[in-house]
Amino acid sequence: MPISLELIGRVAAALGASFLIALILTPVVRNLAVRMGAVDDPRKDKDPERRMHSNPIPRMGGLAIVLGFLLSTLIFVPMTTQLQGALLGAVIIVVLGVFDDIYDLRAKFKLGVQIVAALIAVCAGNQIEALSNPNVFSSDPYWVLGWLSIPVTVVWIVGMTNAVNLIDGLDGLACGVSSISSMTLLVIALLLGEPQVALLVAALAGGCLGFLPYNMNPAKIFMGDTGSTFLGYILAVISVQGLFKMYTLISFVVPFLLFGLPIFDTCFAFIRRIAHGQSPMHADRSHVHHRLIDMGFSQKQAVAVLYVITAILGLSAVVLTTSGAVKAMLLLFAFCVAGAVALSIFQGAHRPKEDAGEEEERK
């Protein structure tokens with residue numbers, strides 16, 4: 001389906017409506033969170049060192065993103081069985097997130113509810129039916145999953161739901177990363193002629209952008225599990241509707257480029273915890289954003305670095321869908337080299353200060 005002015009207008013309207021709704025409702029949600037006791041107080045945390053703030057801040061702000069997305073979707077996106085299942089599952093995730101922001105639910109219970117929500121979306125037809133074969137020398141261009149499509153899709157949805165939740169550790173990080181991923185997915189959907197996917201991610205991006213001004217450092221409100229788990233869930237389901245439907249190499253690679261940061265951070269966190277004999281669900285202070293802070297970056301700098309990484313991965317995904325794998329890999333390699341050089345310069349700039357401090361202590 002070619003890109004038409006009508007589609008561009010609908011996409012802009014969906015994004016604009018969701019943006020305005022989230023922007024207007026966030027202060028309302030903030031007052032509601034305070035009244036309901038959904039407040040993140042680091043003084044009551046069992047592990048206060050993980051916290052990047054010292055004052056109590058309301059959470060549950062993701063509710064504004066959810067309302068912006070839902071209202072925009074109901075107005076601009078044609079309703080299908082797949083979308084109904086996705087929205088029903090999303091509502092379950094949001095209700096779970098609200099209760100978790102207030103009462104701090106157990107991890108196993110949350111995982112069970114997330115699986116149920118994922119199964120609802122899968123039963124409505126949101127399934128990864130095939131995966132492209134990463135072996136380019138194979139005679140089979142893709143694998144038809146058959147009955148495996150159900151567990152594979154559930155694992156993907158639940159995994160992404162928790163992956164976005166895990167990177168929500170700095171002001172504006174999860175919301176900004178989700179905004180960039182949504183906008184990238186919007187571009188890809190338009191290029192590949194997926195109007196419904198384009199409208200959905202436009203509504204999602206608008207909600208994120210409307211909430212972001214309140215969530216940037218210093219944050220006035222957190223999205224909480226209400227927002228982070230919803231964003232992970234809905235991004236995962238939308239990617240199933242769009243990207244995984246393509247029987248080409250990009251159906252295997254593009255989702256992992258788009259969501260590369262949360263996927264890497266989650267996998268790294270699970271491997272690290274298991275290696276230390278801990279539960280994979282055990283919270284710690286060794287995520288990517290924590291490591292950047294420990295390296296000397298400020299909160300704003302660390303968030304900016306992770307925004308740039310997400311944008312680079314997204315740009316590589318767009319190039320992959322339009323110009324092929326070779327150009328995309330060359331682009332990604334060039335950015336990696338530039339990033340390594342910039343990091344070495346940053347570390348070098350901070351060493352003299354540390355060395356000078358050590359010399360003064362010796363004197």
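**A tour of aromatic pairs and a surface patch**

Begin by selecting Phe99 and Tyr103, which both belong to helix H3 (residues 81-103) and sit four residues apart, about one turn of the helix. The model on display is a predicted one.

Keep these two residues selected and colour them by accessibility. Phe99 has a relative accessible area of 44% and is therefore partly exposed. Tyr103, with a relative accessible area of 56%, is exposed, because the exposed class begins over 50%.

Next, turn to the aromatic rings. How many aromatic pairs does the count give? The count comes to three aromatic pairs. For one of them, select Phe69 and Phe230: the ring centres are 5.6 Å apart and the planes stand at 65 degrees, so this pair is edge-to-face. The pair connects distant parts of the chain, since Phe69 lies in helix H2 (residues 62-76) and Phe230 in helix H8 (residues 224-241), 161 residues apart. Are Phe69 and Phe230 buried or exposed? Both Phe69 and Phe230 are buried.

Now return to Phe99 and Tyr103, which form a stacked aromatic pair, with 6.1 Å from centre to centre and 25 degrees between the planes.

For the last stop, select Ile3, Ile8, Val187, Leu191 and Leu192 and display the surface. Together these residues form a nonpolar patch on the surface, with about 370 Å² of accessible area. Within this selection, centre the view on Ile8, which is placed in helix H1 (residues 5-36). Ile8 has 37% relative accessibility and so counts as partly exposed.

Conventions: Residues numbered from 1 in each chain as written. Predicted model: local features only at pLDDT ≥ 70, side-chain atom pairs only at ≥ 80, totals over all residues. Heavy atoms only, no water. Patch = residues over 30% accessible without salt bridge, like charges linked within 9 Å, V, L, I, M, F, W, Y side chains within 5 Å. Areas by Shrake-Rupley, 256 points an atom, 1.4 Å probe, with all protein chains shown as cover. Salt bridge = Lys/Arg side-chain N within 4 Å of Asp/Glu carboxyl O. Helix = DSSP H or I, 4+ residues; strand = E, 2+ residues; numbered from the N terminus. Buried < 20%, exposed > 50% of the residue type's maximum accessible area, 1.4 Å probe, protein only. Phe/Tyr/Trp six-rings, centres within 6.5 Å; stacked < 30°, edge-to-face > 60°.
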